[in-house]
Each structure stands twice: as structure tokens, then as C-alpha cells.
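This briefing is meant to be read with the sequence and the 3D structure side by side.

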Amino acid sequence: MVKLHTTTNNLSMFTNSQILFDRARQVIPGGVNSPVRAFKSVGGSPIFMKSAKGAYMYDADGNAYIDYINSWGPMILGHAYEPVLKAIQEYAAYSTSFGAPTELEIKMAELIISMVPNIDMVRMVNSGTEACMSALRVARGFTGRNKFIKFEGNYHGHADSFLVSAGSGVATLDIQSIPGVTQAVANDTLTAPYNNLPAVQQLIADHPDSIAAIIVEPVAGNMGCILPQAGFLEGLRALCDEHGILLILDEVMTGFRLARGGAQERLNIKADLVTFGKIIGGGMPVGAFAGRREIMEWVAPVGKVYQAGTLSGNPIAMIAGYTMLSTLDNNPGIYEELEQKATYLVDGLKKVFTEAGIVHQVNQLGSMMSVHFAEYPIIDFSAAAGANNELFKRFFHAMLERGVYLPPSAFESWFLCNALTQEDLDKTIAAAKESIAVIAG
């Protein structure tokens, strides 16, 4: 196994990555196929990966990293999880796509419904963006209304409606106005600060009988990991019930990560529609939206709300996701193990920062977490944006040079996988201690 490197400020460690990045910029916009990968928030050039196994990734220069991205969430059991790999290899021999129904799609839907409370039907799609876009369309069709409420810093994919006051890569790149998103689309998108129930109440009062849905990340993961404050989600549920609005929980990140039944189970909140992605594909491109039968039967071909996709329910994605979810379903203790590991890491990092006199906030729920260098609690996008993100940039590079791969943005959640060992966690804490010493020095 490649050893973690410990030298610092050694650009030769990333020679092949730089060569690849130079090539990529000639043929791919910005050299990357998703903006946050470009390292613009933290500076420098992105690291190109070659392979991964368990809790480790290996780059094009042979450097090893303890991984706290895990493909932005899907690799909850670690990279190259053997049962998923074997299932993919077996089913790929049958064909990679049929363009016709398979039993796997039924089994996947049945498994999701058995694990997640409060849903009766599932429609498979190809990404989290597509899932959220489709769920909003269904909400509009079901209610006969056009407007919807989202929250500043919540990211629901790159569909036009969702790019107004979005988090994640939009926040990372400091793009406030998105060319290509028309004013008419923006006018139907109402925004409120996350965790601010009075602001939502005001929007509803200002737009009576015209709001189809409220969409929310139950635990925000695109402005760092930000938890809902007490009563926030419950308040949204009550407002939706009172005004005939559908509540959409974007569980693309939290689904099957925070609990067997996702945020609905963990936080005891009931949604009308739920969107999924990431973990349900076991690393393959996939998404889904689900909800009560009376709502989901508005979707074509039963209803008139049209949604389609040539590769929806792709057999390779279905078997990868089915294998992953079956493992989680049959081993619920995984969630307790993950939380214990995350809590240990959080406690260790807090100790390092405190001993070094570094003001900090570390947010965590389950196996999601984030570090913010600020004196005040991080409860919304404004708070996350006002933290010392220049210090995070230096912390990121110091950790990278010590073999720890963090999200290359202060506006992204960390994701832990269950392949992490006690030794890995201790190495991470030790790397943080060295990094802070270098930064403070």
C-alpha cells in the first residue's frame, strides 16, 4: 500500500496531476466536469485520482489520502466495496442497458419503500438534479400552483429554478447571477434564510395560494453541514399543512446516510415528496423521487405530469444500489458505528483547535460534518460565508500535503465512510495538529 506522504510544500508530489489538469483545460471547460472539483475556492490545481479502496484514494502521482469526500457521499461503506463490485460485474454481462423494464427496478423500489417511512411509490431517474427537478414539477402539477420556496445555500442540483441563491459550487465560485436562468424562472423561486421560519411565514403571506412546494435539505450539506434548529422542520410541516403546500425533502445527501430511513426517520419529520441520489446508486449515476400514492400517480403514464429518461432504472445502477441498500438494511448497526467514528473525529479536531487557540465551529450529525473557523454558530448560509474561509483554504492544503483529502471548499459537508479505522482517525487528528501548527507558525 502506498504510504501517506508527510512532506509539505512539495509541488513535485503533484506533477502528474498538473500535467493532466493542463491537458484537461484544453478539452473540458475549466478542466473539470463539475465546478467544485477545480479547487477555485481553496486555490491551486485539482488532484487527479487513479484508484481508491476502502477509506483511501490514490492519485496519479501515487500519493495516498484518507478520504473525507467519499464521492460526495455515496461511498458510505468505502471505495470499491466488494459485494457491489461483484454485483456490477455479474450484471454487466447481461447488458448495460435494455431500454425496457426489468425486475431489478421493482426490487429496488420495494426495498426503498420498505426502508423509508411515509412513501408508497418511487420513480427512478439518473441524478439528484433530475430527481429534484421532477419532484418540483409533480408538486406544481398536483397543486396547480407555480411558485416554490427554497433556502439560501441549499443546493438542489443545477436545474434553472434551483440556481437562485444556491449553495455548493455556486457559493464556492461566488456566482450570484446565473446567465441562462431567465427572470421569469427566477420570479417563481422564493428564497428564505435556512432555519428562519418567520421568513417563510412572510413569503407565504406575500404570495397567498400560489406556492406549490417548499423544498429543503433537512440537514444542509452544501454550505457546510448545517443542522436544522429545533422546531424548524416541524414548523415547515405545519405551514405546508395549513396552506396546502407540499413539503419536499431533498435527501440526495441524507437519504440512507443519517439512518436506514434517512432524515425522515432520524429527525421524525414527514415529507410529501422525497428525493434521493448518491448512496442509492452505490457510486453509479442515479437518482429517485418518491412520495404518497395520491401524489405519485400524477406522474406519466398514469397521470399527466411528464417525466422520462432513456437510462432511468439502468440495470447496472439498480444492482449497485440494491446491493448497497441491502447491506445497510441488513446491518443497521453500521449507522451507530459511523456516528461513533464521526464523534471521535469531531472531538479530536475540537481539541486540536482549542489547544492552538483557533476559534472554530464543528457541526456534525451522524456521519456528516464540517469545520468552520468562526466565533459564532453556523446556522445558515450567511454565517458560513462570514467565517474565516481564508484559514480554511490554508488548512485544506496543509491537510492535503499530509495525506488527508477534505472537500475543497468550506461550503461542503465532509462524508465519513465505515471503512475508516481507528488508526485512520488518529492519523487525521495528528495531521490536523501538524497543519494548525504550521498555519499558526
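Predicted model: local features only at pLDDT ≥ 70, side-chain atom pairs only at ≥ 80, totals over all residues.

Leaving aside its neighbours within four places in sequence, which residues is Glu130 in contact with? Once those neighbours are set aside, Glu130 is in contact with Val125, Gln307, Ala308 and Ser312.

- Glu130 belongs to helix H4, which covers residues 128-143.
- Because its relative accessibility is 14%, and buried means under 20%, Glu130 counts as buried.
- Although Glu130 and Val286 are 156 residues apart in sequence, their C-alpha atoms are 9.2 Å apart in space.

**Asn314 in its loop**

- Asn314 is located in the loop that runs between helix H10 (293-296) and helix H11 (315-330).
- Asn314 has a relative accessibility of 15%, and so this residue counts as buried.
- A polar atom of the side chain of Asn314 lies 2.7 Å from the backbone oxygen of Thr96, and a polar atom of that side chain also lies 2.9 Å from the backbone nitrogen of Ile316.
- If the neighbours within four places in sequence are left aside, Asn314 is in contact with Thr96 and Ser97.

**Helices H2 and H11**

- Helix H2 (residues 82-92) packs with H11 at an angle of about 150°, and the two axes are 9 Å apart.
- Since an angle over 145 degrees counts as roughly antiparallel, H2 is roughly antiparallel to H11.
- The crossing that H2 makes with H11 is right-handed.
- On the H2 side the residues that meet H11 are Pro83, Val84, Ala87, Ile88, Tyr91 and Ala92, while on the H11 side they are Ile316, Ile319, Ala320, Thr323 and Met324.
- Sorted by class, the residues of this contact between H2 and H11 are ten nonpolar, one polar and no charged.

**Helices H12 and H15**

- The axes of helix H12 (residues 333-355) and H15 cross at roughly 20° and come within 9 Å.
- Because an angle under 35 degrees counts as roughly parallel, H12 is described as roughly parallel to H15.
- H12 passes H15 in a crossing that is right-handed.
- From H12, the residues Lys341, Tyr344, Leu345, Gly348, Leu349, Val352 and Phe353 take part in the meeting with H15, and the residues they meet in H15 are Gln422, Leu425, Asp426, Thr428, Ile429, Ala432, Lys433 and Ile436.
- The contact of H12 with H15 divides by class into nine nonpolar, three polar and three charged residues.

**Helices H14 and H15**

- Helix H14 (residues 389-401) and helix H15 (residues 422-440) have axes that come within 9 Å and cross at roughly 125°.
- H14 and H15 are therefore oblique to each other, and H14 passes H15 in a right-handed crossing.
- Leu391, Arg394, Phe395, Ala398 and Met399 in H14 are the residues that meet H15, where their partners are Thr428, Ala431, Ala432, Ser435, Ile436 and Ile439.
- In this contact of H14 with H15 there are eight nonpolar, two polar and one charged residues.

**Backbone details in the loops**

- The peptide bond that leads from Ala300 to Pro301 is cis, with omega near 15°, and Pro301 is found in the loop between H10 and H11.
- Asn268 is not a glycine, yet it has a positive phi of about 55°, and its place is in the loop between helix H9 (262-267) and strand E9 (273-277).
- With a relative accessibility of 66%, Asn268 counts as exposed, because exposed means over 50%.
- Lys278, although not a glycine, has a positive phi of about 55°, and this residue lies in the loop between E9 and strand E10 (287-291).
- The relative accessible area of Lys278 is 24%, so Lys278 is partly exposed.

Notes: Residues numbered from 1 in each chain as written. Heavy atoms only, no water. Helix = DSSP H or I, 4+ residues; strand = E, 2+ residues; numbered from the N terminus. Buried < 20%, exposed > 50% of the residue type's maximum accessible area, 1.4 Å probe, protein only. Polar contact = N/O pair within 3.5 Å; in protein donor to acceptor, adjacent residues only side chain to side chain. Contact = heavy atoms within 4.5 Å. Axes fitted to C-alpha atoms, helices over the stretch in contact; angles between N-to-C directions. Parallel < 35°, antiparallel > 145°, perpendicular 65-115°, else oblique. Left-handed = near helix turned anticlockwise from the far one by under 90°. Nonpolar A, V, L, I, M, F, W, Y, C, P; charged D, E, K, R; others polar.
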